[in-house]
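Q: I'm new to reading protein models. Could you walk me through one, feature by feature?

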Amino acid sequence: MYTSKNPYRPVKTIVLDVITETPTIKTFVLQPETPISFETGQFIEFSVPGCGEAPFTPSSRPSVSDTLEVTIMRVGKVTTRIHELKKNDIVGLRGPFGSRYPVELFKDKEVLVIGGGCGFAPVRSLMYKLFEIRGDLKKLVFRGGCRNPKEFLYRDELESWTNKNDLNIRLTVDKSDGDTVWKHDVGLVTTILGDVGMDVKNGFAVVCGPPIMMKFTTGTLLDMGFREDNIFLSMEKNMSCGIGKCGHCRIGTYYACKDGPVFRYDAIKKFPNIWD
Ligand SMILES: Cc1cc2nc3c(=O)[nH]c(=O)nc-3n(C[C@H](O)[C@H](O)[C@H](O)COP(=O)(O)OP(=O)(O)OC[C@H]3O[C@@H](n4cnc5c(N)ncnc54)[C@H](O)[C@@H]3O)c2cc1C
Ligand code: FES
């Protein structure tokens, strides 16, 4: 039933573990029968037999190919079924597909990574990659925002990043909701970009999060002086085939599945409704 040769056919994959991250988000540790090597930013199609499939960006280390992790928010039909999966269940994976973050451009440069909400998933995989090549980067800055502390993904892990000497990091929530343990900022993620201390004319920025967050964050980055061609966005459009055949994921003249999901802002800014 499963083979990796045909891009439409999923690879048989075992669920090794299920980690509850927040009330609506779980991370699935998966072991495909044939290892799947992805580069940070690319996505895979995750299928549950008898239910359907949906695209997700792995949140794990790109250097590990025998297992991979996907962090999934329960929003509808397929994701609700995925959330019911247990250890040892069998699912299917296709991919990886699409473009990756252009980490080779970041050599000797200052890099700002901004994640919001469920956008922490692809950003975590990017940060693992950047930690691996940290010696090649001039400066690494991370800014993360979420609605409230309860919904903050990978909270313990991000907390441990705050102890890294070679990372400039700030975290914020829109509202603290009375969480007495939360010791970071309160306010939108755009309110904690003022002190990044970067050479913005030559620096790179990567943004991943809900469309409304990406829209306002990109606006703030441009106001700060970042160049349009130095801003990279992960565009999560509705997808079907995942391989540039069906046209579901069109952004202007591009297909998000094939030409994206990672786009340079200047390449897509002229198209209407990019933030929908
Ligand atoms: C490249 C890419 C990477 C993604 N990575 C992740 C990830 O790492 N983690 C994660 O939780 N989600 C991710 N998503 C979103 C995820 O694919 C959708 O949440 C999922 O397809 C919803 O399927 P469903 O059947 O549960 O929802 P449906 O029953 O189909 O719809 C429920 C709601 O979700 C919206 N929706 C449906 N499909 C998508 C979609 N493809 N993108 C955005 N909204 C959608 C619908 O408009 C509707 O409001 C990614 C999407 C893309 C395109
Ligand atoms: S999902 Fe089919 S063309 Fe992009």
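Q: Which residues come nearest to ligand 1 in this predicted model?

A: Ligand 1 has 20 residues around it, and those that come nearest are Pro55, Met73, Val78, Thr79 and Asn238.

Q: Which polar backbone atoms lie close to the atoms of ligand 1, say at 2.7 Å, 2.9 Å or 3.0 Å?

A: Take them one by one. A polar backbone atom of Pro55 is 2.7 Å from an oxygen atom of the ligand. For Thr71, a polar backbone atom is 2.9 Å from a ligand nitrogen atom. For Lys77, the distance from a polar backbone atom to a ligand oxygen atom is 3.0 Å.

Q: Now the sheet. What is the order of its strands?

A: Here is the general idea: strands of a sheet pair through backbone hydrogen bonds, either parallel or antiparallel. In this structure, seven strands form an open sheet in the order 10-9-8-7-11-12-15, and the pairing is mixed. Strand 10 (185-186) and strand 15 (262-264) are at the edges with a single partner strand each, so one side of each has no neighbour in the sheet.

Q: How many bridges join strand 12 to strand 15?

A: Three bridges join them, and the two strands run antiparallel. Leu233 has Phe263 in strand 15 as its bridge partner.

Q: Which helices pack against the sheet?

A: Helix 2 (residues 120-132) lies across strand 7, strand 8 and strand 11, at about 155 degrees to strand 7. Helix 4 packs on the sheet too, touching strand 7, strand 11 and strand 12, and its direction makes about 165 degrees with that of strand 11.

Q: How should I read a nonpolar core, and which residues have the most contacts inside the largest one?

A: In soluble globular proteins, nonpolar side chains tend to be buried together. The largest nonpolar core here has 34 residues, and Leu112, Leu221 and Leu233 have the most contacts inside it. Among the elements that give two or more residues to this core are strand 7 (110-116), strand 12 (231-234) and helix 5 (265-268). Helix 4 gives the most, with three residues. A second, separate core has 32 residues, including Val123, Leu140, Ile169 and Val262.

Q: What does Leu233 touch?

A: Its contacts include Val207, Met214, Tyr265, Ile268 and Trp275, leaving out residues up to four places away in sequence.

How values were computed
Residues are numbered from 1 along each chain as its sequence is written. Chains are lettered from A and ligands numbered from 1 in the order in which they are written. This is a predicted model: local features need pLDDT of at least 70, side-chain atom pairs count only at pLDDT 80 or more; totals for chains, interfaces and linings use all residues. Side-chain values use heavy atoms; hydrogens and water are left out. A nonpolar core is a set of buried Ala, Val, Leu, Ile, Met, Phe, Trp, Tyr and Cys residues joined through side-chain atoms within 4.5 Å. Buried means under 20% relative accessible area, exposed over 50%, partly exposed in between (1.4 Å probe, protein chains only). Helices (H or I, at least four residues) and strands (E, at least two) are DSSP runs, numbered from the N terminus. Contact means heavy atoms within 4.5 Å. Two strands pair if DSSP finds at least two bridges between them. Axes are lines fitted to C-alpha atoms, for helices over the stretch in contact, and angles run from 0 to 180 degrees between N-to-C directions. A residue is near a molecule or strand if one of its heavy atoms lies within 4 Å of it. A polar contact is a pair of N or O atoms within 3.5 Å; within protein, one must be able to donate a hydrogen and the other to accept it, and residues adjacent in sequence count only if both atoms are side-chain atoms.
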